[in-house]
Amino acid sequence: MENIKKLPKRRYRSEQRVAYICLIPAFLGLIFLTYLPLLGVLGISMTNWSGLTKPEFIGFDNYIKLFTTDPYIKDSILATLYFSFLSVIGSMIYSLFIALLLNRKIPARGFFRAVFYVPFVLPSVAIYVGWSWLYEANFGFFNYLLSEIGLKKILFIADSDYIVPSLSLIAVWLSGNLIVIFLAGLQNVPSIYYEAAEIDGANGWKRFWHVTVPSISPIIFYNLLLSLIANFQVVTPSLVLTNGGPGNASRFMTYLMYDQAFVNNRLGYAGATTFIIFIIIAIFTTILFKTSNRWIFQEGGDEK
């Protein structure tokens with residue numbers, strides 16, 4: 001009898017060992033691809049290093065200079081926050097709306113799913129160049145439409161008031177990955193929930209708000225986190241289209257880091273900027289995780 005009682009414990013310990021062995025690659029990946037490089041950046045940020053000379057340890061001087069004498073840091077942080085806010089909100093609304101449409105029984109549904117996903121896998125440089133033609137001040141497609149309806153032309157990427165919303169629109173169009181993830185989540189919502197809500201007399205909006213949204217709330221959280229991290233690290237539009245302009249309107253923090261590291265050869269200073277970006281992302285990510293238990297629901301309607 002004693003041997004029989006010990007069997008479940010032995011089996012449990014065996015399963016534990018197998019689980020830990022399977023997790024070893026993930027732990028090694030986190031250590032060597034995330035934590036050690038992060039510590040390396042922190043170490044570089046405390047040096048005066050051009051990449052060609054011997055690093056000189058200067059402590060927190062780079063951080064002090066960044067927030068006291070750098071003329072670009074304030075505008076850079078504001079531009080990054082502005083772009084991220086517009087892009088994240090726009091991407092979430094757009095991708096969920098398209099996913100809801102593609103989840104319906106429509107003709108050529110597979111074709112349309114591919115059409116909306118393709119922008120995500122296309123080369124980003126080519127996409128931004130293509131959109132620059134659409135935004136062109138004199139002969140661009142958008143300004144042509146505005147002139148046709150009698151409105152004034154807009155300098156989409158040459159006006160500091162319009163540059164960030166214009167770039168955010170491109171980021172929203174590129175969110176095909178979020179559409180696919182939302183679509184997968186929508187297809188996993190049990191149809192019995194909708195049937196029960198319909199029997200109770202719920203209209204389309206109430207079914208969406210009280211059934212669909214709670215059921216896919218973990219997917220919403222994941223997409224929100226994914227979009228937040230990605231958009232805080234935006235750099236391609238500044239490199240391809242604007243060079244941080246007009247003025248400093250699109251000098252995002254990643255572009256500021258690039259400019260310091262590869263144009264001015266100030267790798268230590270660029271490391272400090274990189275670590276500031278990491279801290280900002282960590283703050284918003286922590287806020288998202290801390291508040292998630294208020295709106296993420298498990299199956300059956302219970303809060304997380």
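**Terms and the values behind them**

Tutor: H10 gives the largest pocket the largest share of its lining, four residues. Keep in mind that this is a predicted model.

Student: What else is known of the lining of the largest pocket, and which residues lie nearest its centre?

Tutor: The lining has 15 residues, and Leu100, Asn103, Arg104, Tyr194 and Thr212 lie nearest the centre. H3, helix H9 (191–199) and H10 each supply at least two residues of the lining. By type, the lining divides into seven nonpolar, four polar and four charged residues. The volume of this pocket is about 580 Å³.

Student: Why is the pair arginine 251 and aspartate 259 called a salt bridge?

Tutor: The cut-off is 4 Å between a side-chain nitrogen of Lys or Arg and a carboxyl oxygen of Asp or Glu. Here the N to O distance is 3.9 Å, so the pair meets the definition of a salt bridge. The count by this rule is one salt bridge.

Student: Are arginine 251 and aspartate 259 buried or exposed?

Tutor: Buried means under 20% relative accessible area. Arginine 251 has 11% and aspartate 259 has 16%, so both are buried.

Student: What makes serine 45 a buried residue?

Tutor: The cut-off is again under 20%. Serine 45 has a relative accessible area of 0%, so it is called buried. Serine 45 lies in helix H1 (residues 2–45). Leaving aside neighbours within four places in sequence, serine 45 is in contact with Gly59, Asn62, Tyr63, Gly268, Gly271 and Ala272.

Student: Which residues have the most contacts inside the largest nonpolar core?

Tutor: They are Ile73, Ala99, Phe182, Ile216, Ile220, Met253 and Ile276, in a core of 33 residues. H3 gives the largest share of this core, eight residues. Another core, of 17 residues, lies apart from it and includes Ile127, Ile163, Ile170 and Leu174.

Student: What is methionine 253 in contact with, beyond its neighbours within four places in sequence?

Tutor: Methionine 253 is in contact with Ile73, Ser76, Ile77, Thr80, Thr273, Ile276, Ile277 and Ile280. Methionine 253 is also one of the buried residues in H13, together with Thr254, Tyr255, Leu256, Asp259, Gln260 and Ala261.

Student: Which helices do the buried residues of H13 pack against?

Tutor: They pack against H2, H3, H11, helix H12 (236–242) and H14. Just after H13, asparagine 265 takes a positive phi of about 55 degrees.

Key
Residues numbered from 1 in each chain as written. Predicted model: local features only at pLDDT ≥ 70, side-chain atom pairs only at ≥ 80, totals over all residues. Heavy atoms only, no water. Buried < 20%, exposed > 50% of the residue type's maximum accessible area, 1.4 Å probe, protein only. Core = buried A, V, L, I, M, F, W, Y, C linked by side-chain atoms within 4.5 Å. Contact = heavy atoms within 4.5 Å. 1 Å grid on protein atoms, 1.4 Å probe; cavity = no way out; pocket = protein on both sides within 12 Å on 5 of 7 lines; lining within 4 Å. Points joined across faces, edges and corners; volume = space filled by probe spheres on them. Nonpolar A, V, L, I, M, F, W, Y, C, P; charged D, E, K, R; others polar.
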